[in-house]
Amino acid sequence: MPRFRQILDTMPAYKPGKAVVAPDGRSFKLSSNESPFDPLPSVVEAIAEGARQINRYPDPGATQLTEAIAERYDVPFEHVALGAGSVTVAQQLFETVGEPGAEVVYAWRSFEAYPLLADLAGATSVRVPLAGEDHDLDAMAKAITPATRMVFVCNPNNPTGTSVRRAELTAFLDRVPEDVLVVLDEAYREYVRDEDVPDGLTLYRDRPNVAVLRTFSKAYGLAGLRVGYLIAHEPVAATVRKTIIPFAVNHLAQVAAVASLRAEDELSERVERVVKERTRVREALIAQGWDVPPTEANFVWLRLGERTLDFAAACAVEGVAVRPFAGEGARVSIGDAEANDAFLTAAARFRERTQGA
Ligand SMILES: *Cc1c(COP(=O)(O)O)cnc(C)c1O
């Protein structure tokens, strides 16, 4: 048996959201926070056109896409670093700080990829328990030691959907030493409607140790193509760019992302529809008697504790795939109205059955 790194024996495996099919053939995938809409015709066209060039390597610097992002957010070209999905950009960030003894602080539970990426990069995870369903920024600030290299703040938080507000986040940033990188993971930024939830891009501009992570996978509907990015001051962005695997962002992902930025009006209309459905789903769940934390993302969170796996099984019977975290709770993406209705039916039936028992 070849000898591998010891950490691989204990590293948690990433569990992707699954699809399920009901006995009657219905299948609603509400387990991966994807966009429920078919790709836009203009984006499909750009991909089809781009397919004519796939015998060539992609532009390694992704110049067009980097320019389009820089222009869209009014940031310097040099402040943008791309990756094959923002998970990969997060991995690159861990690579920039990961070495024996380096600590990375993040809330728990939060995005499942953080512990995995920390282990892979040889960094030590420091998990700070959520306070209820929210980031405990005070405890996170206290968890920072001279060994801390990086802090992740997932805003809104996956899987609880809760958000950190402007006042508490700026107060937190003021407490973080300048040599500690703070990453604001804003994969769901486009779904945020609460004006007190800050746009990380307004916070990074005068803070050289703050980086903002964004993705084309969720609101932009390009999950299958893998493209995400980071915006940070030049020393941070340049360091992250050093860790990219050459040609990581493929040509089709680049052209599709550029086309998506051009189609933002159409895409924001879709985001708005999801936000309306989010309100409808949350209110219906509350009317059924559930506790549902306020969510600014494209999913809701139900803290089910020991009933989590039963609940996921009950949803599967209705053809609804949710994302269970055994012993903790279930995250349910907002889909189209039909999928959401199927989920609400499953939730109501589960309640009736378990309340009656
Ligand atoms: C979905 C998600 C991402 C984005 O993943 P991609 O690699 O861009 O598809 C990043 N962070 C969080 C918290 C997420 O939920």
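**Exercise 1. Find the residues that make up the aromatic cluster around W108, and look at its pairs.**

Solution. F94, Y106, W108, F111, Y114 and F152 form one aromatic cluster. Before going on, note that this is a predicted model: local features need pLDDT of at least 70, side-chain atom pairs count only at pLDDT 80 or more, and totals for chains, interfaces and linings use all residues. Residues are numbered from 1 along each chain as its sequence is written, and side-chain values use heavy atoms, with hydrogens and water left out.

Step 1: the rule. Rings of Phe, Tyr and Trp (its six-membered ring) pair if their centres lie within 6.5 Å; planes under 30 degrees apart are stacked, over 60 edge-to-face, and the rest tilted. That rule gives 15 aromatic pairs.

Step 2: the geometry. One of them is Y106 with W108, edge-to-face at 5.9 Å centre to centre and 70° between the planes. F111 and Y114 also pair edge-to-face, with 5.5 Å between centres and 90° between planes.

Step 3: the burial. Buried means under 20% relative accessible area, exposed over 50%, partly exposed in between (1.4 Å probe, protein chains only). Y106 and W108 are both buried. F111 has a relative accessible area of 15%, so F111 is buried; Y114, at 0%, is buried too.

**Exercise 2. Work out which strands flank β6 and where its side chains point.**

Solution. Step 1: the elements. Helices (H or I, at least four residues) and strands (E, at least two) are DSSP runs, numbered from the N terminus. Strand β6 covers residues 181–185, and five of its five residues are buried.

Step 1: the neighbours. Two strands pair if DSSP finds at least two bridges between them. β5 (residues 148–154) runs parallel to β6, with five bridges joining them; here F152 has V183 as its bridge partner. Four bridges link β6 to β7 (residues 210–215), also parallel, and L184 is partnered with V212.

Step 2: the faces. In a regular strand the side chains alternate between the two faces of the sheet. In β6, L181, V183 and D185 point one way, while V182 and L184 point the other way.

**Exercise 3. Is S31 buried or exposed, and what does S31 contact?**

Solution. Step 1: S31 sits in the loop between β1 (28–29) and α2 (41–50). Step 2: its relative accessible area is 0%, so S31 is buried. Step 3: beyond neighbours within four places in sequence, the contacts of S31 include G17, K18, R323 and R331.

How values were computed
Contact = heavy atoms within 4.5 Å.
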